[in-house]
Amino acid sequence: MEFLAEFHPPVVHFAIALVIMGVLFDIAGFVFKKESLKHAGFWSIMVGVVAVWGAAITGHQAEELVEHAIEGTKAYEILEEHEELGEVLPWVVSALGFFRLFLFFKENNLLFIGYLIAGLIVSGAIGLQGRIGGKLVYEYGVGVKANQSPSYYIHEEHEE
């Protein structure tokens, strides 16, 4: 199933965009009292839940491909942090999705405000996860074929 690792970058970008935009659509729908925006939020969150699980599955495969090459380096520590958050986020986003599904069928303004607050917190966690993943790629070159040499990850310039 190593081929799934190739799909991590595009899948993860969909997951990030769908969940964050879903929450933003819901906020706009709530503030402007527009059901069409709330429907866009609902469907974005629902598809975002699926995308987050896809990101977790493909991310696990990507991690398996690079972890041995970077073991004992700063990049490895960051990868472990990324992995730990990546194991929790699908469950958290699923809970948010179930909360949103409940509110789709049972409208309640007070609960909807609670959902929006939870959505903003989850969006922040997703943003943090994206930042950590971006750091792995753009600062350490993890997963970039030209930088697969283990010695690359221990150079002084890559230490914080």
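**Figure 1. The pairing of α2 with α3 in the predicted model.** In this predicted model, α2 passes α3 in a crossing that is left-handed. The axes of these two helices come within 9 Å and cross at roughly 160 degrees, which makes α2 roughly antiparallel to α3, given that angles over 145 degrees are counted in that class. Sorted by class, the residues in the contact of α2 with α3 comprise 19 nonpolar, 5 polar and 6 charged.

**Figure 2. The whole chain, as context for the close-up views.** The protein chain has 4 helices and 0 strands, and its elements, read from the N terminus on, follow the order α-α-α-α. Its C-alpha atoms fill a box of roughly 55 × 35 × 20 Å when taken along the principal axes. Of the 160 residues in the protein chain, 39% are buried. Among contacts in the protein chain with a separation of 6 or more, 69% are accounted for by residues 24 or more positions apart.

**Figure 3. The pairing of α1 with α2.** The axes of α1 and α2 come within 7 Å and cross at roughly 155 degrees, and the two helices are therefore roughly antiparallel to each other. The crossing of α1 and α2 is left-handed. By class, 19 nonpolar, 9 polar and 2 charged residues form the contact of α1 with α2.

Figure 4. Lys 33 is placed in the loop that lies between α1 and α2. Its phi is positive, at about 55 degrees, although Lys 33 is not a glycine. For comparison, most residues other than glycine have a negative phi. Is Lys 33 buried or exposed? With a relative accessibility of 71%, Lys 33 counts as exposed, because the class begins over 50%.

**Figure 5. The pairing of α1 with α4.** α1 and α4 pack at an angle of about 150 degrees with their axes 9 Å apart, and are therefore roughly antiparallel to each other. The crossing of this pair, α1 and α4, is left-handed. On the α1 side, the residues of the contact include Ile 16, Val 19, Val 23 and Phe 30, and those they meet in α4 include Phe 112, Tyr 115, Leu 116, Val 122 and Ile 126. The residues of the contact of α1 with α4 divide into 13 nonpolar, 4 polar and 1 charged.

**Figure 6. The largest nonpolar core and the surroundings of Val 19.** The largest nonpolar core has 19 residues, and those with the most contacts inside it are Val 19, Ile 45, Val 93, Leu 96, Tyr 115, Val 122 and Ile 126. At least two residues of this core are supplied by each of α1 (8-32), α2 (35-70), α3 and α4 (109-138), while the largest share, 7 residues, comes from α2. Apart from this core lies another, of 10 residues, among them Val 66, Ile 70, Tyr 140 and Val 142. Leaving aside neighbours within four places in sequence, Val 19 is in contact with Ile 45, Gly 48, Val 52, Val 93, Val 122, Ser 123 and Ile 126.

**Figure 7. His 82 and the residues around it.** His 82 has its place in helix α3, which spans residues 74-105. With a relative accessible area of 15%, His 82 is buried, because that class covers values under 20%. Which residues does His 82 touch, not counting those up to four places away in sequence? On that basis, His 82 touches His 8, Gln 129, Ile 132, Gly 133 and Leu 136.

**Figure 8. Phe 99 and Lys 74, two partly exposed residues of α3.** Phe 99 is placed in helix α3 and is partly exposed, its relative accessible area being 25%. When neighbours within four places in sequence are left aside, Phe 99 is in contact with Leu 111, Gly 114 and Tyr 115. Phe 99 and Val 49 are 50 residues apart in sequence and 12 Å apart in space, C-alpha to C-alpha. Lys 74 is likewise found in helix α3, and at 21% relative accessibility Lys 74 counts as partly exposed. Between Lys 74 and Thr 58, which are 16 residues apart in sequence, the distance in space is 22 Å, C-alpha to C-alpha.

Note on methods
Residues are numbered from 1 along each chain as its sequence is written. This is a predicted model: local features need pLDDT of at least 70, side-chain atom pairs count only at pLDDT 80 or more; totals for chains, interfaces and linings use all residues. Side-chain values use heavy atoms; hydrogens and water are left out. Buried means under 20% relative accessible area, exposed over 50%, partly exposed in between (1.4 Å probe, protein chains only). Contact means heavy atoms within 4.5 Å. A nonpolar core is a set of buried Ala, Val, Leu, Ile, Met, Phe, Trp, Tyr and Cys residues joined through side-chain atoms within 4.5 Å. Axes are lines fitted to C-alpha atoms, for helices over the stretch in contact, and angles run from 0 to 180 degrees between N-to-C directions. Angles under 35 degrees count as roughly parallel, over 145 as roughly antiparallel, 65 to 115 as roughly perpendicular and the rest as oblique. A crossing is left-handed if the near helix is turned anticlockwise from the far one by less than a right angle, and right-handed if clockwise. Ala, Val, Leu, Ile, Met, Phe, Trp, Tyr, Cys and Pro count as nonpolar, Asp, Glu, Lys and Arg as charged, and the others, Gly among them, as polar.
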